[in-house]
Amino acid sequence: MTPMKAFQPRRFARMMAWTLRGERKNWITMGMVSCAVFLTFLAYAAWDIQGESPLERWDHIKRGTILCLGTSCGILMVCSSQLIAHLKTKEQRLAYLSLPASTLEKYLSRLLYVGVLMPLTLPVAMVVADALASLFALTLGGGYVMEGTRCAWLALGKLSAGMVEEALALVLYAVVGYVALLLALLTLCSVVFRQGMAASAACLVVVLFATGMGVEWLSGMGPVVSLSDSQARLLLGLAGTFFLAAALLAMWLSYRVYRHLQVVPGKFTNL
């Protein structure tokens, strides 16, 4: 059979539907576990604010929201290591490799599921958990109505309002580029080493350690290196662009490795 190389939207849509059918159990499980963890944090905040002053109440709510956002970051990194989690057994490989779709369509369907749909489940899970926490607060006398979602929304609004300032926008651009690079490296390591969680954890530790050492080195050179405002803006812009370009390169390399997973010799030696 001649391999299918051209990208066809209709065939890609069928491939995406097959991916969602095959992963619906894991997808639902991830959503329910995330919702349960978020509910634990928010329900505790709803219980802890009873009888507190308005300022203390808001501190407890912010603490619960920060815990939810931190947990979301951890789950997002786990999601980045699941690109080839569906190719663990020979039966799974045979079923997946025999599907009538090109390598690019298979890769994009997995990337869309792992990199878009699974992360989008997290805000939905948080809203559902916040609604359940509000119902729990009613049994305690009220005082909590979707406060976690409101806190996260207010923080996002403040961040968006600050985007009008060029300096803050450039800082956010550099941070987004760095996060994109980190997630792309996690994806690449999970594909190259075929040990999703272990490789992702090792990559995360190395990158964060290197980042911490770099920040410490730069802070130590503060008195020596002085930058004007225009130079600082240029440096942030270049850093963000470099991070995004490196993230795209890492994703392209992960696709190149993924292409070799589609070659099936007699004894599956490359799988």
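Predicted model: local features only at pLDDT ≥ 70, side-chain atom pairs only at ≥ 80, totals over all residues.
Trainee: Starting with helix α2, how far apart are its end C-alpha atoms?

Mentor: They are 37 Å apart. Helix α2 covers residues 54-79, and at 1.5 Å a residue its 26 residues should span 38 Å, so the two values agree.

Trainee: Which residues of α2 are buried?

Mentor: H60, I61, G64, T65, C68, S72, I75 and C79.

Trainee: Take T65. What is its relative accessible area?

Mentor: T65 has 2%. The cut-off for buried is under 20%, so T65 counts as buried.

Trainee: And what does T65 touch?

Mentor: Leaving out residues up to four places away in sequence, T65 touches L42, M126, G148, C151 and A152.

Trainee: Changing topic: how many residues does the largest nonpolar core have?

Mentor: The largest core has 18 residues. Those with the most contacts inside it are M15, I84, Y96, Y107, A184 and Y258.

Trainee: Which elements give two or more residues to this core?

Mentor: Helices α6 (166-193) and α8 (229-261) do. Of the elements, α8 gives the most, with six residues.

Trainee: What is A184 in contact with?

Mentor: Setting aside neighbours within four places in sequence, A184 is in contact with A247, A250 and M251.

Trainee: What about the second core?

Mentor: That one is separate and has 14 residues, including L42, A125, A133 and Y144. L42 is also one of the residues that T65 touches.

Trainee: Back to α8. Is L236 buried, partly exposed or exposed?

Mentor: L236, which sits in helix α8, is partly exposed, with a relative accessible area of 26%.

Trainee: How far is L236 from A169?

Mentor: In sequence, L236 and A169 are 67 residues apart. In space the distance is 9.7 Å, C-alpha to C-alpha.

Trainee: Now the surface. Which residues form the nonpolar patch?

Mentor: V124, V128, L132, L135 and L138 form it. Together they have about 460 Å² of accessible area.

Trainee: Where does L135 lie, and is it buried or exposed?

Mentor: L135 lies in helix α4, residues 103-139. Its relative accessible area is 53%, and the cut-off for exposed is over 50%, so L135 is exposed.

Definitions and conventions. Residues numbered from 1 in each chain as written. Heavy atoms only, no water. Helix = DSSP H or I, 4+ residues; strand = E, 2+ residues; numbered from the N terminus. Expected span 1.5 Å × (residues − 1). Buried < 20%, exposed > 50% of the residue type's maximum accessible area, 1.4 Å probe, protein only. Patch = residues over 30% accessible without salt bridge, like charges linked within 9 Å, V, L, I, M, F, W, Y side chains within 5 Å. Areas by Shrake-Rupley, 256 points an atom, 1.4 Å probe, with all protein chains shown as cover. Salt bridge = Lys/Arg side-chain N within 4 Å of Asp/Glu carboxyl O. Core = buried A, V, L, I, M, F, W, Y, C linked by side-chain atoms within 4.5 Å. Contact = heavy atoms within 4.5 Å.
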